[in-house]
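Please read this report with the model open beside it, and look up each residue as it is named.

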Amino acid sequence: MKYIDFIDTEKIENLVKNTHEDRERVEEILAKSLNKEALNLEETAALIAVKSEDLLEEIFNTARTLKKQIYGNRIVLFAPLYVGNYCINDCRYCGFRKSAKTTVRKTLTEQELKNEIISLENQGHKRLILVYGESPIYSPEYIAQTVRTCYETKSGNGEIRRVNINAAPLDIEGYKVVKAAGIGTFQVFQETYHRETYAAMHPSGTMKGDYMWRLSAMDRAFEGGIDDMGIGALFGLYDWRFEVLGLVSHAIHLKETFGVGPHTISFPRMQPANDIDIPLPWKVSDDDFKKLVAILRLAVPYTGLIMTARENKGIRDALMQFGVSQIDAGTHLEIGGYSEQKEKGSQTLSKEQFQVGDTRSLDEVICELLRNDFIPSFCTSCYRMGRTGEHFMEFAIPGFIGNFCSPNAILTLAEYLEDYAGEETRKAGFEQIDRELARISDPVRKAAVIKRLESVKEGKRDLHF
Ligand code: SAM
Ligand code: SF4
């Protein structure tokens with residue numbers, strides 16, 4: 001199979017260098033975004049070029065409006081679960097890289113994996129992303145087995161209903177094997193779309209040193225039957241403006257080639273990690289970070305945006321409104337960290353890939369979301385009902401959110417409140433549910449939700465639409 005190099009470095013460099021703020025054009029582009037149309041590279045570059053405070057404010061306001069209009073106020077919650085950190089690569093920014101001498105290496109045993117899953121279920125989690133280093137140990141068959149273990153391991157009312165993957169790129173046969181285990185999204189981050197930086201960060205002779213193998217990872221995933229694809233860039237390795245245009249190029253490529261854009265876009269920022277000491281001349285400031293999140297929302301309006309606990313509470317709370325649709329919470333990155341019952345906030349850097357910025361518990365994060373009029377959701381309905389590409393449905397089908405997403409958010413939140421919430425969260429949660437019910441316009445759907453809510457209170461679970 002021949003892969004297309006869809007990153008036009010020269011064009012992107014030119015756009016970054018030679019696009020200047022143009023008020024009238026920006027107004028037109030924002031109107032196009034509000035009309036739910038994805039932006040091309042030139043239009044995205046025009047937003048990137050904005051510097052004037054008032055025009056920037058307009059970008060933020062438009063991103064906020066778009067998020068509200070399309071996705072409403074739901075935030076989907078998940079947890080990352082690190083399965084193993086053996087790695088054959090030597091990515092210069094990562095605490096798991098093979099030359100990191102003081103990193104403690106570990107792969108969870110089957111029993112340890114079950115313990116981690118049970119701890120996560122006992123917090124209330126329903127959606128996981130499993131994370132692995134790159135190693136022959138973590139073969140497609142091995143990954144598939146860990147996925148099955150997640151689905152099979154249950155604790156009380158707790159169960160994992162969706163497992164996503166963040167692992168090294170596979171070949172088409174490999175993707176088929178993990179798909180058959182019932183995965184949701186398969187994520188591979190390009191890290192940097194800038195070839196020169198890519199080569200500097202990923203030594204040649206390592207698997208990850210092959211830029212095209214990684215750039216084509218999602219093409220092979222699609223060929224292997226996975227149409228929920230997660231892309232991302234690690235911000236801080238190169239100019240954030242280049243990376244945003246790289247991500248948009250990737251989204252356009254997937255949409256044009258396969259008819260399906262990325263299911264999610266991630267935009268991790270570089271964090272301190274064990275045994276890492278590299279110069280970071282491209283560190284992204286909080287202001288630029290806010291700008292890039294808003295621009296991604298506007299440029300690829302049909303896609304879910306993921307903001308992880310790498311960021312601290314302040315940034316996460318501030319950026320949520322600009323279009324983020326998924327966050328992790330109660331996150332522990334140490335291998336085995338969920339079942340270790342560590343003291344809150346404590347981290348052992350030698351056992352984790354990088355430092356976590358938001359160390360709040362799941363319950364604390366949920367309580368804060370509720371305080372800010374978000375509805376935390378553990379919904380996993382779409383892919384289980386065969387409705388893959390759920391973001392696209394939310395985006396494209398009128399009434400989809402009112403009929404499916406909001407009701408499912410209400411029901412999964414109610415399960416959480418009944419089974420796991422602290423007192424304050426429980427009170428705030430049921431008040432939020434009342435407000436959400438009032439927002440459902442179809443009386444028949446509303447009655448059906450109220451009926452199912454009563455069943456949840458009586459102990460029934462997993463009553464999704
Ligand atoms: N090993 C696989 C790979 O590299 O694709 C699986 C994913 S890796 C464990 C997860 C992601 O963490 C990487 O793709 C990278 O973007 C991110 N990452 C690595 N080092 C980081 C750091 N120091 N700070 C923030 N994110 C980092
Ligand atoms: Fe290995 Fe992934 Fe870390 Fe690179 S980013 S060293 S591939 S775990």
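A residue is called buried when its relative accessible area is under 20%, exposed when it is over 50%, and partly exposed in between, with a 1.4 Å probe and protein chains only. Because its relative accessibility is 26%, aspartate 419 counts as partly exposed. This is a predicted model, in which local features need pLDDT of at least 70 and side-chain atom pairs count only at pLDDT 80 or more, while totals for chains, interfaces and linings use all residues. Residues are numbered from 1 along each chain as its sequence is written, chains are lettered from A and ligands numbered from 1 in the order in which they are written, and side-chain values use heavy atoms, with hydrogens and water left out.

**The chain as a whole**

The chain holds 19 helices and nine strands, where helices (H or I, at least four residues) and strands (E, at least two) are DSSP runs numbered from the N terminus. Its C-alpha trace spans about 60 × 55 × 40 Å along the principal axes. The radius of gyration, taken over C-alpha atoms, is compared with a globule rule of 2.2 Å times the number of residues to the power 0.38; for 465 residues a compact globule would have a value near 23 Å, so the 21 Å of the chain agrees. Of the 465 residues, 60% are buried. If contact means heavy atoms within 4.5 Å, then residues 24 or more positions apart account for 74% of the contacts with a separation of 6 or more.

**The nonpolar core**

A nonpolar core is a set of buried Ala, Val, Leu, Ile, Met, Phe, Trp, Tyr and Cys residues joined through side-chain atoms within 4.5 Å. The largest one has 142 residues, and those with the most contacts inside it are Ile165, Phe186, Phe267 and Leu292. Helix α11 gives the most to this core, with nine residues. In soluble globular proteins, nonpolar side chains tend to be buried together. Leaving aside neighbours within four places in sequence, isoleucine 165 is in contact with several residues, including Ile129, Val147 and Phe186.

Aspartate 239 lies in the loop between β5 (229-232) and α11 (240-258), and it counts as buried because its relative accessibility is 7%. Its side chain makes a polar contact of 2.8 Å with that of arginine 241; such a contact is a pair of N or O atoms within 3.5 Å, and within protein one must be able to donate a hydrogen and the other to accept it, residues adjacent in sequence counting only if both atoms are side-chain atoms. Cysteine 94, in the loop between β1 (74-84) and α5 (110-123), counts as buried because its relative accessibility is 9%. Aspartate 419 belongs to helix α17 (residues 400-419), and beyond four places in sequence it is in contact with Asn157 and Arg461.

**Around the ligand**

Which residues are the closest to ligand 1? Among the 21 residues that surround ligand 1, the closest are Tyr93, Asn166, Glu191, Lys208 and Arg214, where near means that a heavy atom of the residue lies within 4 Å.

| Protein atom | Ligand atom | Distance |
|---|---|---|
| Tyrosine 93, backbone N or O | Ligand 1, nitrogen | 2.9 Å |
| Glutamine 271, backbone N or O | Ligand 1, nitrogen | 2.9 Å |
| Arginine 310, polar side-chain atom | Ligand 1, nitrogen | 3.0 Å |

Taken alone, ligand 1 exposes 560 Å², and the protein buries 97% of that.

Note on methods: Areas by Shrake-Rupley, 256 points an atom, 1.4 Å probe, with all protein chains shown as cover.
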